Amino acid sequence: MKRAIIILIAAALFLSYCWLVTPQDVRRVLRGIGTTEEGGGGGPNPPASPLVDQDFDGAGYANSETWTEGLDGATVNEDYDTAPAPLEGDDSLFIEPDAMPPGNTYTYHQFGDTDPAYGYCLFRPVVARYQHVIIQFWDSGFAVPFQIEYRDGEDDGDGILRISNGSTTADTTGELAEGTTYHIFFSYANGGSATVAFSTDGTRPTSGPNFATTTGTATTDANRIVLGGANSDNQNQLIFDQVWVDDEQIPEQN
Ligand SMILES: [Ca+2]
Ligand SMILES: [Ca+2]
Ligand SMILES: [Ca+2]
Ligand SMILES: [Ca+2]
């Protein structure tokens, strides 16, 4: 097996050198055979043809995707590689709101109307206090049918996730702690249910403390993925990496 992996890697690197496949393809092959460098431990198998495929590697954003940043004088750095980054590959995304009162600090990418929409990302709260909207789907009119908010009401460095589906919310009871990398899976269906699930090992819980779901009131399709967002503490520092959105469930690690 070991020898087969070495041959496979050598072949992939040779093809990469010949420009027959991209470095992105090589990383996918490596992930598929369990040699990923992802910081959270393992990770899901990559979707076959995701609508969003963003690992922030290389200069700027990866895969020629157009991401638009909303800064309000703050930091959105898609070339971040200061420890504990990168969570995967060469770069991660670093978001740090700047001044009080903190404004919207985010970056988004449009993938087009999709229903249902499934998402995944690596997420590491370096500093995360009080409330911070960390992930949203926006619809074609920039309204917010779905979002995930990190909530640490005690200001002690660990917090739950709250999903909103229109005006309906649901909370995990499990908490995410500063200094730990998480795999976050989420889904939203127009007029249907929304879910969030997280783990440290790439599995996707479908029940229990690290899972929440609600059938809500939103009735528009997901159209854009948003990372970062509004928060209530200017000290928050968040790292994201390996973002996928697809019209099929993102597979968990196997
Ligand atoms: Ca990366
Ligand atoms: Ca930037
Ligand atoms: Ca980059
Ligand atoms: Ca807490």
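**View 1. Strand E4, residues 92-96, is mostly covered, with five of its five residues buried.** Buried means that 20 or more other C-beta atoms, placed from the backbone, lie within 10 Å of the residue's own. Strands (E, at least two residues) are DSSP runs numbered from the N terminus. The model is predicted: local features need pLDDT of at least 70 and side-chain atom pairs count only at pLDDT 80 or more, while totals for chains, interfaces and linings use all residues. Residues are numbered from 1 along each chain as its sequence is written, chains are lettered from A, and ligands are numbered from 1, in the order in which they are written.

**View 2. E4 pairs with E3 and with E16.** Pairing requires at least two bridges found by DSSP between two strands. E3 (residues 75-80) pairs with E4 in the antiparallel sense over four bridges, and Asn77 has Phe94 as its bridge partner. E16 (residues 237-246) pairs with E4 in the antiparallel sense over three bridges; here Phe94 is partnered by Ile239.

**View 3. Ile184 has contacts beyond its sequence neighbours.** Leaving aside residues within four places in sequence, Ile184 is in contact (C-beta atoms, placed from the backbone, within 7 Å) with Tyr120, Cys121, Phe123, Val196 and Phe198.

Notes:
Contact = placed C-beta atoms within 7 Å. Buried ≥ 20, exposed ≤ 12 C-beta atoms within 10 Å, placed from the backbone.
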